[in-house]
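Hi,

Here's the structure I promised to pass on.

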Amino acid sequence: MARALWKGSITFGLVNIPIELHTAVRDHRPHFRMLHAKDKSPVRFERVCIRDGHPVAWEDLVKGYEYEKGHFVVMTKEDFQTAAVEKTRTVDIIDFVKAEEVDDRFFETPYYLVPAKGGERAYALLREAIRDSGRIGIAKFILRDAQHLAAIEVIQDAIVLSVMRFADELVDARQFAFPVSKDVRKPELDMAKALVNSLAAGWDPSKYTDEYRENLMRIIQGKLKGRKVHLEAGAEPRQAEVVDLMERLRRSLAQSGTAAGGRARRSRPEPRSQAAQKGKKTATRKRSKDAA
């Protein structure tokens, strides 16, 4: 098993369960380094002082907060220690809330909480209690010296911790102008619904692949073997601009019908997860945790 990112315990009430934090997602995209075009050597990026143009060593760096353009407040290690909350090794569950009440915009990165030795029984107890309640836990914990808000939920046999954004990190949608419902005409709505239904399918995450990454790796492998890789360009047919919205919807519906008729859709049954059984909003959450 992979090395744990963090070890500690999860607490609710007076119950304390030893756990390990493991990543629940993977980054498969290739990573690149900048090279000197002339001799293909890696380029080193130096820390250069803007004022005198000389490189600055790590030991000569300090952190500063720019309170206005070109003016900074210098922060010391003591300042950060003063601001830091107590560095505990616990995931403290504060509340249990209904999953459907939590806006999906709050969710960030998912992690698996794995029971440490001796915590298996208490872990299973908490997992089943959360599963049966239909709620998710809201907790706080410290990771890499920073305090985070987190959601604690059950996915299959795992308790998953998802780092969350705090409320003040979300941009208020009211600052933007969106069309109102009265602007929607019923015939257009009916046609749009028909188009949605024609594209309806069961959720199968393996169906959606990163074609860009796959093409990059084909090119890289080809270069390693000294040959040029020719990829078929996805040419999009040129069509005249359709001004009438109903006509555009009709054409879209006709295209989706042709695609469905040309090849049968394979609908795989959705996993019988807790979210699916209870009809929770988390079953349709567009987050990366289910791809792990």
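Bear in mind that this is a predicted model. One local feature to start with: in the hairpin of β3 and β4, with 2 residues between the strands, Gly70 has a positive phi near 80°. The two strands, β3 at residues 63-68 and β4 at residues 71-75, pair in the antiparallel sense over 5 bridges.

Now the inside. The largest nonpolar core has 24 residues, and those touching the most other members are Ile10, Leu21, Val91, Leu113, Phe141, Ile152 and Leu161. Among the elements that give two or more residues to this core are β1 (6-12), β2 (15-23), β5 (90-98) and the helix α2 (120-133). Strand β9 supplies the largest share, 5 residues. Apart from this core there's another, of 9 residues, including Ile136, Leu149, Ala151 and Met164.

Ile10 sits in strand β1, and it counts as buried because its relative accessibility is 2%, against a cut-off of under 20%. Leaving out neighbours within four places in sequence, Ile10 is in contact with Val15, Asn16, Ile17, Ile19, Val91, Ile93, Leu113, Leu126 and Ile152. Ile93 is 83 residues away from Ile10 along the chain, yet their C-alpha atoms are separated by 7.5 Å.

Then there's Leu161: not counting residues up to four places away in sequence, its contacts include Leu21, Val91, Leu113, Phe141 and Ile152, plus Thr109, Pro110 and Tyr111.

Cheers

Key
Residues numbered from 1 in each chain as written. Predicted model: local features only at pLDDT ≥ 70, side-chain atom pairs only at ≥ 80, totals over all residues. Heavy atoms only, no water. Pairing = 2+ DSSP bridges. Helix = DSSP H or I, 4+ residues; strand = E, 2+ residues; numbered from the N terminus. Core = buried A, V, L, I, M, F, W, Y, C linked by side-chain atoms within 4.5 Å. Buried < 20%, exposed > 50% of the residue type's maximum accessible area, 1.4 Å probe, protein only. Contact = heavy atoms within 4.5 Å.
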